[in-house]
Amino acid sequence: MKALFHPASVVVIGASDSQTNLGKEIVRNLLEFKYQGKLYLVGNEGGVLYGRPVCQSLDDVDSPVDLAVILTPAKTVPGIMHQCGQKGIKRLIIESGGFGESGEEGGHLGEELVDIAKQYDMRFIGPNCIGIINSLNGLATPFAPLRGLFPRGNVGIISQSGGVALWLLYMFDGEHLGISKFATVGNKLSIGENDLLEYYMDDPQTEIICIYLESIEDGRRFIETAKRSTKPILVHKANTGSLSSVIAQSHTEAVVNDDSVVDAALRQAGMVRFTDFLDCMDFVKVMQLPAMKGKNLAIVSRSGGHAVIGADAAHAHGFDLPPFNKAFVQAIGQHFRAKVIKVGNPLDLGDLYDFDVYLRIMEDLIRESTIDGILFLHTYLRGTESEPSRRLLQSLSDLSRECGKPVAVCLCTDHRELVRFREEIDLPCFTTPERALKALGGAIAYERRRAAISTSGRALKRPPDMDVQSIQSVIGRCLAEGRSPLLHESLHIIEAAGVPIPSHTVVTDPEVDTKPSTIPIPYAAKIISDEVSHKSDTGGVILGLTGPEQLRRACAQLFELFRPSARGVLVQTMVPRKPGSYELIIGGKRDPHFGPMVMLGHGGVFVETFGKVSLRMAPVSEGDVDEMIEELPGSELIEGVRGLKPIDREELKESVVRVSALMTRFPEIHTMEINPAIVSADGIQAVDARIFLG
């Protein structure tokens, strides 16, 4: 990646002085951004462009080249890549479109690019992209005219879409926020988001990373990389539904991910996900401020109405508004003229017009130990109040950095004043109290989550002991017979993994072996059949059997009902349903992009009632499982309410960890489900299980 962003020499292939040529815009951007290396131009027509000679062939460039930027018709790109390889160019940016996003023929062209890159040990960005920017050395390869508008800053951008990346650039420029690095990856045939993320994490100029993606192919690497980051990673993952999948495929050859898996994985890694770019921009702005250590907020406003709105927003986002001390209240009150406003938090300065007093008030508040941050709602008119306001706001910026506490400023003035403020004052500006406090609250949640991820509760324990040989024996037999495990075999695997199951036996002849004397009554009888998945829906379960004769008749009934697919009947002691016991689902699935996942949700009749399940990438840590439990709707129920004992949380956590270990240790398992797992203060029992091999 360093060779990509810090080349000593660049060749732009496909440049001419034609009015419609896009390659010349790449050259213009490199010149306007004052690229510091050597620049060579290649185009079929030759000639001169911006005072520089245009070679008609790459062979005419007689000096070594570190980076080639290609923007020519798709069918010409493989031949150009061969020329680059023969010349020893190891890094390329292919901005041409017409590959996999355009259909089958273009897909074959894309495969050819990958093969050529392997042949010459090359790596490339694209195709179907607008390239990269390094604000440190002036490397700017987009074919869209940039005109040098974007200041140097601390935000690194990775985008699958060139248009979205440019949109982000314009948004940052409007807020006077600068970028460090910028990369669009297009079809991601060689260099993708994982390579760039690793590079940005180590880049000293990049402090915040913003990513827009339409697909994530190697999700496991993406998440494992992000977990190591000490920098905020903001992700907008689009292409989440059927309506967007068609355009995304034809746009960047994007695959569709399971969005519930994406959401869980991003959270597990401590990344911040956005669906609204304005929210993303606000978060970037608030990250320019000192971190807010707690949720004690002071609101200061020139308008009583804005103070009320700010208080509502503070309540909505979980902030506290502690009362001010008496000495401070008395000191402020002396400055009011009409004495008609009651001094409190929020503080309404509507009767006070001295901006120097405003600053002294802010100084006192920000140094107060009970205040963690300030929201300043400043309403002013352009003209006589413009210069005093800018001086005040610059002083607040200096004060915020000095004291290490955030001052979030929300300005209510005209558009020209906002533009001038952003150009002159080094302090983020928000448009509404709601947006400011939403961003501030999000930043606090992010800091706390990253701190939790870095604690010992996130460390993975040694994989739990399990009877690996026994599990492999069952899986091997099933694979040899071309099927998935039957009910009793699934339970055997679960038990061998260390998850408790009720006493049981298998009946193959109801006339001979229906006297399970070692199994406590009452019994449940369940059909064993590779053609029956949902037993309860098809009459495959008979409950409450209290003696041998009842059991014999039930088994005979099941054999008759499911003939000829019946392979046996599982006879199981019934786990008592008592107050304080709950039915949960513990399961796993193997995602094609993120690998093994583990799932926890409500079971039994509550599956449809609650619906939502909690997902994590396997293997899970103890902290991951704690979060999964807390994410369940109505999780407070299982913690004990109205005198009921709380469940054995440690046993539940241990069972989830063991299912996670099963999914990790045995790649043959495609999906699995324990439903229900009955949990209570006495522990956990896996009553039923399904496992499907893939």
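Axes here are lines fitted to C-alpha atoms, for helices over the stretch in contact, and angles run from 0 to 180 degrees between N-to-C directions. Helices (H or I, at least four residues) and strands (E, at least two) are DSSP runs, numbered from the N terminus. This is a predicted model, in which local features need pLDDT of at least 70 and side-chain atom pairs count only at pLDDT 80 or more, while totals for chains, interfaces and linings use all residues. Residues are numbered from 1 along each chain as its sequence is written, and side-chain values use heavy atoms, with hydrogens and water left out.

## Helix pairs

| Pair | Residues | Axis distance | Angle |
|---|---|---|---|
| α3 and α4 | 77-87 and 104-120 | 10 Å | about 5° |
| α11 and α16 | 304-316 and 433-453 | within 9 Å | roughly 30° |

Angles under 35 degrees count as roughly parallel. α3 and α4 are therefore roughly parallel to each other. Contact means heavy atoms within 4.5 Å. On α3, the contact uses V77, P78, M81, H82, G85 and Q86; on α4 it uses L109, E112, L113, I116, A117, Q119 and Y120. By class, that contact has eight nonpolar, four polar and one charged residues. Ala, Val, Leu, Ile, Met, Phe, Trp, Tyr, Cys and Pro count as nonpolar, Asp, Glu, Lys and Arg as charged, and the others, Gly among them, as polar.

The axes of α11 and α16 cross at roughly 30°. That makes α11 roughly parallel to α16. I309, G310, A313 and A314 of α11 meet P433, E434 and L437 of α16. Five of these contact residues are nonpolar, one is polar and one is charged.

## Cavity and pocket

On a 1 Å grid over the protein atoms alone, a cavity is a set of points where a 1.4 Å probe fits but cannot get out; a pocket is an open set with protein on both sides within 12 Å along at least five of seven lines; lining residues have an atom within 4 Å of a point. A volume is the space filled by probe spheres set on the points, which are joined across faces, edges and corners.

The whole structure has one cavity of 30 Å³ or more. The largest cavity holds about 50 Å³. Its lining includes C210, Y212, H236 and F277. β12, β13 and α10 each supply at least two lining residues. The lining has nine nonpolar, one polar and no charged residues.

The second largest pocket has a volume of about 620 Å³. It is lined by 26 residues, and D263, R267, M271, V272 and R273 are the closest to its centre. α16 gives the largest share of this lining, seven residues. By class, the pocket lining has eleven nonpolar, four polar and eleven charged residues.

Conventions:
Angles under 35 degrees count as roughly parallel, over 145 as roughly antiparallel, 65 to 115 as roughly perpendicular and the rest as oblique.
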